[in-house]
Structure formats: structure tokens, C-alpha cells
Amino acid sequence: MYLLDANVFIEAKQRYYSFEVVPAFWDWLDQAYDDGRVASVRKVLEELEAGADELAQWAVQRPDFFLDVDDAALGSLRRASTWATTNGYETSAVNEFLESGDYYLVGQAHAHGHTVVTHETASTGVKRIKIPNACGGLSVPHMNAHAMLRAEGARFVLG
């Protein structure tokens, strides 16, 4: 299963797959969720809701798409927390990470063998923990949205 970062939804809405231009992308997300291939986490829903826009409305109408952290993920969240606090990141970066959807995405993916989908790229900086760095630190697979769509064989073709 793929777990989607908030930036996947936001970039899609603002750039490549806007609701009015490529509604098939959003239909594909619904179908892929129904098939058990994609989801996200509740904290990402909260981040999207804060936008108070069309994307927030889309997300709120799909509460089941956004998973609650389960008991199995608690140990993985502790491991992610330990990794974040012991790898030389500034305290503010660690605090920001632990309060973000990124932390929950990585923890949930680690616990269940899922792949995180994000548009973030790894960084050598210590002022912000990026998802690819956290995934690498915990051996969690990650990719960008285009790689996921290719891997899934998604096609948005005019009828």
C-alpha cells in the first residue's frame, strides 16, 4: 500500500491534476483506495483541512481514506522519534517533525511495510527533517507520486 503525504494532494490540486482539468486523477485515488492500494493518515487530513479550499472539501468527504494510527504503529513511532532525536537535527526540526503528518506517515508505513509517497527530496541539512531522510533512517520505501502512478499503471486517457 502507498501512504500519501499532504504535498501529493496539494501539488496535484495546484499543478498537475487540478480537479477541473484532470478529474480522472481524483477518481483514480478513490478507486485505488477502494482496492486497498492507497491511503494516508489522519494527521494529513488535518493538514489538508487547514487549507479550507476545494481540496479540504474533497478530503473531508473521504474520512476513511485517512487512517488512524493503530496499536501496531506505536512501536514504529517510537523508533521514528528515537531516530529523529539521535541524528544531529536541530531541536526545532525534531519538534516540527514529531508534530507533523510526516512522522505519522513514516511510522505507519514502517509498522505495516507500506511505501510513503511524497514530493520531498532528501537533504543533508539539520534544520528540517525530510520524509526521504526519515524513511531512509528506518528502511521505509518511498517514492514520488509520478513513480507511484507509473508503478500502478495509472492512465488518464481522453474518452
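The model is a predicted one: local features need pLDDT of at least 70, side-chain atom pairs count only at pLDDT 80 or more, and totals for chains, interfaces and linings use all residues. Residues are numbered from 1 along each chain as its sequence is written, and side-chain values use heavy atoms, with hydrogens and water left out. The chain has 9 helices and 5 strands, where helices (H or I, at least four residues) and strands (E, at least two) are DSSP runs, numbered from the N terminus.

**The whole chain**

- Start at the N terminus and the elements come in the order β-α-α-β-α-α-β-α-α-α-β-α-β-α.
- For 159 residues, a compact globule would have a radius of gyration near 15 Å, and this chain agrees because it has 15 Å. That radius is taken over C-alpha atoms, and the globule rule is 2.2 Å times the number of residues to the power 0.38.
- Along the principal axes, the C-alpha atoms fill a box of roughly 50 × 25 × 25 Å.
- Of the 159 residues, 43% are buried. Here buried means under 20% relative accessible area, exposed means over 50%, and partly exposed is in between (1.4 Å probe, protein chains only).
- Take the contacts with a separation of 6 or more: 74% of them are between residues 24 or more positions apart. A contact means heavy atoms within 4.5 Å.

- Two packed helices are described by the angle between their axes and the distance between the axes.
- The axes are lines fitted to C-alpha atoms, for helices over the stretch in contact, and angles run from 0 to 180 degrees between N-to-C directions.
- Helix 3 (residues 42-49) and helix 7 (residues 101-112) have axes that come within 8 Å and cross at roughly 155 degrees. That makes helix 3 roughly antiparallel to helix 7. The naming goes like this: under 35 degrees is roughly parallel, over 145 roughly antiparallel, 65 to 115 roughly perpendicular, and the rest oblique.
- The crossing of helix 3 and helix 7 is left-handed. A crossing gets that name if the near helix is turned anticlockwise from the far one by less than a right angle, and it is right-handed if clockwise.
- On the helix 3 side, K43, V44 and E47 make the contact, and they meet G101, Y104 and L105 of helix 7. The residues of this contact split into 3 nonpolar, 1 polar and 2 charged. For that count, Ala, Val, Leu, Ile, Met, Phe, Trp, Tyr, Cys and Pro are nonpolar, Asp, Glu, Lys and Arg are charged, and the others, Gly among them, are polar.

**How helix 5 meets helix 7**

- Helix 5 (residues 71-85) also packs with helix 7, at an angle of about 120 degrees and with the axes 8 Å apart. That makes helix 5 oblique to helix 7.
- Helix 5 passes helix 7 in a right-handed crossing.
- Helix 5 brings A72, A73, S76, L77, R78, R79, A80 and S81 to the contact, while helix 7 brings Y103, Y104, G107, Q108, H110, A111 and H112. These residues divide into 7 nonpolar, 6 polar and 2 charged.
- D71 is part of helix 5 too, and it counts as exposed, with 68% relative accessibility. Between D71 and Q108 there are 37 residues in sequence but 9.9 Å in space, C-alpha to C-alpha.

**Two buried residues**

- Y2 sits in strand 1 (residues 2-4) and is buried, at a relative accessible area of 12%.
- Beyond its neighbours within four places in sequence, Y2 is in contact with R37, V38, A39, T115, V117, M143, M148, A151 and E152.
- Y2 and A147 are 145 residues apart in sequence, yet their C-alpha atoms are 11 Å apart.
- H114 belongs to the loop between helix 7 and strand 4 (115-117) and counts as buried, at 14% relative accessibility.
- Not counting residues up to four places away in sequence, H114 touches M1, L3, Q108, A109, V140 and P141.

**Two residues with positive phi**

- A52 is not a glycine, but its phi is positive, at about 45 degrees. Look for A52 in the loop between helix 3 and helix 4 (54-60), where it counts as exposed at 70% relative accessibility.
- S139 is not a glycine either, and its positive phi is about 55 degrees. The loop between helix 8 (131-138) and strand 5 (142-143) holds S139, which counts as exposed at 66% relative accessibility.
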